[in-house]
Amino acid sequence: MWKTTVGLGVLLELLGIGSYGAAVAGLTGRPPSLTALIPAAVGSLFILLGLLARKPDLRKHVMHAAAALALLLGGAGIAMAIKAVVGGFKNGMLAFSAQLIMGLLCLIFVFLCVQSFRAVRKAAAA
């Protein structure tokens, strides 16, 4: 799972940098905001957690921390996307899309973590 965690981090890095780059390039019709880089900052955390999880003695704790972080961010991303829809997309479609994508990526990661945790527990019991 550590490779999946690093992969999630890379995807979030690309999402954040791409969102900010689109705003800088003027594709959004709005001035760029540093909040567009939030997925990139979080992506860095996931990369770090993934690399730490390579050590067997840290793996269990680090992966649970990564799953908890992903659960929080997944919920926050989806909540912000819903808020954007209800608010009439005041911050634009790019912000909505980035929030939705971040939320979905994180929730998919949580699902994969739960499946992995269950498989490890089954293997240990057998």
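1. In which hand, left or right, does H3 pass H4? The crossing is left-handed (the near helix is turned anticlockwise from the far one by less than a right angle; clockwise would be right-handed). Helices here are DSSP runs of H or I with at least four residues, numbered from the N terminus.

2. A word on the source: this is a predicted model, with local features needing pLDDT of at least 70 and side-chain atom pairs counted only at pLDDT 80 or more, while totals for chains, interfaces and linings use all residues. Residues are numbered from 1 along each chain as its sequence is written, and side-chain values use heavy atoms, leaving out hydrogens and water.

3. The structure holds two aromatic pairs (ring centres within 6.5 Å; planes under 30 degrees apart are stacked, over 60 edge-to-face, the rest tilted; for Trp the six-membered ring is used). Phe46 and Phe109 pair edge-to-face, at 5.8 Å between centres and 70° between planes. This pair links distant parts of the chain, 63 residues apart: Phe46 lies in helix H2 (residues 38-52) and Phe109 in helix H4.

4. Phe46 is buried at 0% relative accessibility, and Phe109 is buried at 3% (buried is under 20% relative accessible area, exposed over 50%, partly exposed in between, with a 1.4 Å probe and protein chains only).

5. Phe89 and Phe96 have ring centres 5.1 Å apart and planes at 85°, so this pair is edge-to-face. Phe89 is partly exposed at 30%, whereas Phe96 is buried at 16%.

How values were computed:
Helices (H or I, at least four residues) and strands (E, at least two) are DSSP runs, numbered from the N terminus.
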